[in-house]
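Work through the exercises below with the model open. Each task is followed by a stepwise solution.

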Amino acid sequence: MMKLSKYVLYDILRSKIIIAYTLFLFVVSISMFQMEENSSKAMLSLLNIVLIVLPLVSLIFTTIHYYNSYEFIELMSSQPMSRTRILMSEFAGVSISLLSAFFLGVGIPVLLFSPDATGFALLFTGMSLTLVFTSIAFFASVVARDKARGIGFALLLWFYFALIYDGLVLLILFSFSDYPLEKLTLLLSALNPIDLGRIFIMLKMDISALMGYTGALYKDFFGSGTGIIFTAGIMLLWILIPLWLAVRKFRKKDL
Amino acid sequence: MIRIENINKRFRKLQVLDNITASFAKGQVVSLIGPNGSGKTTLIKSILGMVRPDSGKIYVDEQLITSDHSYRKKIGYMPQIGRYPDNMKVGQLFTMLQNIRNIAEEKLDKTLIEKFELKKIFEKPMRTLSGGTRQKVSAAVAFLFDPAILILDEPTAGLDPLSSEILKEKILVEKKKNKLILITSHILSDLDELTTHIMYMQEGKVQFFKDMEALQEETGELRLGKAIARIMRGEQFNSEWIDKMLEIKNDGKIY
C-alpha cells in the first residue's frame with residue numbers, strides 16, 4: 001500500500017495549501033498562548049478554532065484533492081491494482097498530511113505551553129476530527145458526480161455538523177425540558193463527532209463545574225475510563241463507517 | 001486475446017454501448033473509429049475495468065476481467081488526457097509504476113523515454129509540463145512494461161509532427177512483435193500505415209469490423225478514409241460524419 005500513498009503524500013506535502021494551513025494553525029495557537037495570561041483560557045479559544053476550522057479544512061481539502069487527482073486515479077485503476085487499494089492509499093496520503101499539519105501547527109504549541117490532560121484531550125480530539133472529516137469527505141466525493149456537487153455536499157455536511165446540529169439539539173431540549181434528558185443528550189452527542197469532541201475536552205477543564213447537574217453527570221461519565229473508551233470508540237466508528245461506504249461505492253463506480 | 005460478449009452500458013437515458021460483441025487476436029492493430037460520443041472510450045474503459053458494463057462479459061486471455069485485477073499486467077494504457085499530481089516529479093511517476101508492477105529494471109522498455117528525451121525533465125514537477133509533454137509521458141508509461149496488449153486512446157492528439165512520427169514508428173515496432181494494439185483516433189491518415197483491422201462504431205453499436213485488405217478489395221480504395229466513406233455511402237449508415245472528415249482534407253492545404 002505504501003507504494004502509492006508514499007507518492008500521494010509527497011505530492012500533498014509540497015502543495016502550498018497544506019503549508020499555509022500549517023502556518024495558520026501555528027500562528028493562531030502561538031498567539032492564543034501569548035495573548036491569554038491563563039493557559040486554560042487559551043485552550044478554550046483554541047478549542048473553538050479547532051472545532052470549526054479543522055473539519056472545514058479537512059472536508060474541503062480532501063474533496064478538492066480527490067477531484068484534482070481524478071485522472072491520476074483513473075490511470076492507477078488501469079494498473080494491476082485493486083480499487084480498494086487505490087482509495088485507501090489516497091486516504092492514507094491525505095490523512096497523514098492533514099495530521100502532520102495539525103501536529104506541527106497545534107500539537108507543538110500545546111505541548112510547549114500546556115502539556116496536561118486538557119492539552120492531550122485537545123490533540124486527541126483534533127486528530128480524530130481530522131480523520132473523521134477526511135473520511136466523510138472521501139465518501140462525499142465518491143458519491144457526487146462532479147467537483148461542484150462534491151464540494152457543495154461537503155460544505156453542506158460541515159454546516160450540518162458545525163451549526164445546524166446544535167440548533168436541532170437545543171430545539172429538542174427546549175421542547176422536552178419537562179423530562180429528564182441527561183441520557184438522551186449523551187446519546188445525541190455521540191451522533192455528532194464535533195459535539196462529542198467538545199464535551200470530551202470541556203469536561204477536562206475546570207469550567208465543567210459551571211454546567212450544573214448535566215455537567216456533573218457528564219463529568220462522571222466522560223471523566224471515567226469508560227468515557228474515554230466510549231469517545232475513542234465512537235470516533236473510530238465515525239472514521240471507519242464513511243470510509244467503508246466510500247470504498248464500497250468506489251469499487252462499483254464508473255471512472 | 002480479448003473477447004467481448006454482448007456488453008451493454010447505459011448512462012441514464014443514453015445507451016452508450018449497445019450489445020457489443022467482438023474478439024481481438026494477437027498481431028492485430030485494431031482502429032476504433034467513429035464520431036464523438038459513439039462509445040469508443042467507454043468500450044476501452046470497459047476492457048480496462050474502469051467502467052462496469054451493465055451486462056455482458058469481457059475476457060482477456062480467457063480470464064474474466066471481473067475476477068481479479070491481475071490481467072491488467074498485460075495491458076499498457078495511454079489515456080486521452082493525462083493529468084498527474086501537480087508536485088510529483090516526472091521521474092517519480094516511472095519509479096512508482098515500476099514499484100507497483102514489480103518489474104526488474106532490465107525488463108523495461110525505455111525506447112520512448114530516450115526518443116522523447118524525457119530523462120532531461122525527470123526532476124521537473126508535473127504541473128510545469130505542457131499538454132504535449134504530458135502526452136509524451138503518458139505514451140512512455142504505456143510502453144514501459146513491454147505489455148502484450150496496448151490500448152491507446154487518441155495517442156497522436158496534441159503531439160507535434162516529429163513526436164507523432166516517433167510514436168507511430170514505435171507502434172509499428174510493437175506490431176511486428178505480434179502484440180495486440182487497440183487505437184482510437186480521429187486522424188485517419190495516422191492510422192493508414194498502422195492498422196490491420198477497422199472497427200467502426202456509431203451510437204454505441206459496432207457498424208462493421210473488417211480487416212484492411214477486405215476493406216480495400218471491397219471498395220477499390222487504398223486510403224482508409226476513402227474506403228470507409230465508400231462503405232458508408234453504399235450501406236445504410238449515416239455517412240455525414242465521414243463526408244465532413246474528408247471535406248476538410250480536400251481544401252488544398254498541406255497537413
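**Exercise 1: Helices on the sheet**

Task: Find which strands of chain B helix 1 (residues 40-48) of chain B lies across.

Solution. Helix 1 of chain B lies across strand 3 (29-33), strand 6, strand 7, strand 8 (180-184) and strand 9 (197-202) of chain B. Its angle to strand 7 of chain B is about 145°. Axes are lines fitted to C-alpha atoms, for helices over the stretch in contact, and angles run from 0 to 180 degrees between N-to-C directions. Helices (H or I, at least four residues) and strands (E, at least two) are DSSP runs, numbered from the N terminus. Next, helix 7 (residues 212-219) of chain B lies across strand 9 and strand 10 of chain B, at about 90° to strand 10 of chain B.

This is a predicted model: local features need pLDDT of at least 70, side-chain atom pairs count only at pLDDT 80 or more, and totals for chains, interfaces and linings use all residues. Residues are numbered from 1 along each chain as its sequence is written, with chains lettered from A and ligands numbered from 1 in the order in which they are written.

**Exercise 2: Strand order**

Task: In what order do the 6 strands of the open sheet in chain B run?

Solution. The order is 6-7-8-3-9-10, with mixed pairing. Strands pair if DSSP finds at least two bridges between them. Strand 6 (75-78) and strand 10 (205-211) of chain B are the edges, each pairing on one side only. Strand 6 of chain B pairs with strand 7 (residues 149-153) of chain B in the parallel sense, over 4 bridges. There, Gly76(B) stands opposite Leu150(B).

**Exercise 3: The contact**

Task: How many residues does each chain give to the contact?

Solution. Chain A gives 21 residues and chain B gives 26 residues. Contact means C-beta atoms, placed from the backbone, within 7 Å.

Note on methods
Contact = placed C-beta atoms within 7 Å.
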